[in-house]
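The structure comes next, followed by the points grouped by topic.

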Amino acid sequence: MDFAPLQNDVFLRAARGEPTEYVPVWIMRQAGRYLPEFREFRLKHSFFEICRTPALACEVTLQPLARFPLDAAIIFSDILVVPQALGMEVEMRPGVGPVLPEPIKTPEDLARLKTPCNVKKELGYVFDAITLTRKELKGKVPLIGFAGAPWTLMCYMVEGGGSKTMSTAKGWLYRWPKDSHRLLSIIADVVVEYLVEQISAGAQAVQLFESNAEHLGPSTFAEFGLQYIVDIGRRVRTEVHRRNLTAVPMIIFAKGTPATIDAISTAGYEVVGVDWTIDPSQARSKVPEGVTLQGNLDPCALKAPKEHIEKMVGDMVSGFGTQRYIANLGHGIYPEIDPESVSVFVNAVHSVSKRLNAEDKSG
């Protein structure tokens with residue numbers, strides 16, 4: 001596919017561990033409800049209508065780039081398109097969030113899933129949206145694709161929506177371990193093909209979200225979470241090579257950083273995303289030298305006054321260092337955040353990191 005030459009590659013260079021003149025920044029959920037233009041857009045279109053319509057997904061993906069000097073775009077979609085591809089109904093209910101009306105309650109329910117799943121057919125709209133968005137970006141910044149990790153997706157499929165404890169999904173791991181592995185394997189197979197097809201369609205980096213890692217203890221996470229994260233990374237790279245596609249950086253973000261960072265930092269991903277519950281210098285000390293870190297300002301910090309946001313950004317960037325680092329929030333941005341605060345955050349990352357780089361050179 002012919003795409004315009006990339007004008008700003010600082011995000012990709014940071015992800016690969018190459019020198020950068022400043023710290024790149026993007027924001028998880030950067031296209032979303034905190035933007036007035038997105039809320040207006042949603043009055044005309046349902047959430048999954050936007051996801052399934054490439055032209056709409058493209059338009060929404062580009063909205064934050066019209067406001068902020070971000071260093072990457074992330075395709076507008078949702079991790080729950082994978083359960084949809086497997087034949088499950090997913091609704092986005094106002095004030096509630098995602099709901100799966102007919103969750104998987106017993107191992108017998110696994111027979112309801114569409115296996116094998118025709119990923120190109122079921123999720124072709126995502127790949128079309130990626131290709132269209134790459135063209136519309138005209139090389140301005142790289143485009144990130146993403147997927148949910150198997151344990152996180154299993155939680156939604158079994159719980160029927162969000163949960164504070166994930167007790168139903170965790171119950172599966174203890175009561176039906178073999179069937180849990182069967183379900184996780186089904187999801188992993190789809191995620192591998194899904195990510196490879198996103199790369200084929202034009203994604204220049206991909207992120208795997210393990211948002212529910214914090215609910216598992218170390219040994220349980222190793223068995224039911226980590227091994228699938230490692231397997232997905234290995235299989236995606238193998239398939240990308242086999243198909244002669246351009247290799248792209250892979251990012252793993254597992255929520256509950258203090259408990260998971262030792263495990264995920266050796267999972268084979270170029271970038272490890274961390275949440276706000278770990279100190280930047282501690283996170284740096286935990287990962288191998290060749291790994292880039294991404295994160296980790298508390299999303300609520302964007303409610304602070306401008307001067308306080310700038311100070312927190314300064315502390316964060318100083319803690320992580322300006323190399324092998326991608327600035328982000330420690331989780332997705334909240335809908336009540338003022339876009340002006342986002343502007344302060346993004347500009348502060350750039351200005352602080354440029355100043356620190358200049359001081360390093362002069363010193």
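In H9, Trp-172, Leu-173, Tyr-174 and Arg-175 meet Pro-177, Asp-179 and Ser-180 of H10, where contact means heavy atoms within 4.5 Å. By class, this contact of H9 with H10 has 4 nonpolar, 1 polar and 2 charged residues. The model is predicted, so local features need pLDDT of at least 70 and side-chain atom pairs count only at pLDDT 80 or more, while totals for chains, interfaces and linings use all residues. Residues are numbered from 1 along each chain as its sequence is written, and side-chain values use heavy atoms, with hydrogens and water left out.

**Helix packing**
- Helix H9 (residues 167–175) and helix H10 (residues 177–201) pack at an angle of about 120°, with axes 5 Å apart.
- H9 is therefore oblique to H10 (under 35 degrees is roughly parallel, over 145 roughly antiparallel, 65 to 115 roughly perpendicular, and the rest oblique).
- Helices (H or I, at least four residues) and strands (E, at least two) are DSSP runs, numbered from the N terminus.

**Largest pocket**
- The volume of the largest pocket is about 1,500 Å³.
- A pocket is an open set of points on a 1 Å grid over the protein atoms alone, where a 1.4 Å probe fits, with protein on both sides within 12 Å along at least five of seven lines; lining residues have an atom within 4 Å of a point.
- Its lining has 44 residues, and Arg-29, Arg-33, Asp-78, Pro-98 and Tyr-156 lie nearest the centre.
- H2 gives the most to this lining, with 3 residues.
- The lining divides into 23 nonpolar, 13 polar and 8 charged residues (Ala, Val, Leu, Ile, Met, Phe, Trp, Tyr, Cys and Pro count as nonpolar, Asp, Glu, Lys and Arg as charged, and the others, Gly among them, as polar).

**Second largest pocket**
- The second largest pocket has a volume of about 290 Å³.
- Of its 17 lining residues, Arg-134, Ile-199, Ala-203, Thr-246 and Val-248 lie nearest the centre.
- H10 gives the most to this lining, with 3 residues.

**Backbone**
- Most residues other than glycine have a negative phi, and most peptide bonds are trans.
- Thr-115 and Pro-116 are joined by a cis peptide bond, with omega about -5°.
- A cis peptide bond also joins Gly-295 and Asn-296, with omega about -5°; Asn-296 is in strand S8 (residues 292–297).
- Lys-138 has a positive phi near 55° and is exposed, with a relative accessible area of 52% (exposed is over 50%, buried under 20%, partly exposed in between, with a 1.4 Å probe and protein chains only).
- Arg-324 has a positive phi of about 50° and counts as partly exposed at 24% relative accessibility.

Definitions and conventions
Axes fitted to C-alpha atoms, helices over the stretch in contact; angles between N-to-C directions. Points joined across faces, edges and corners; volume = space filled by probe spheres on them.
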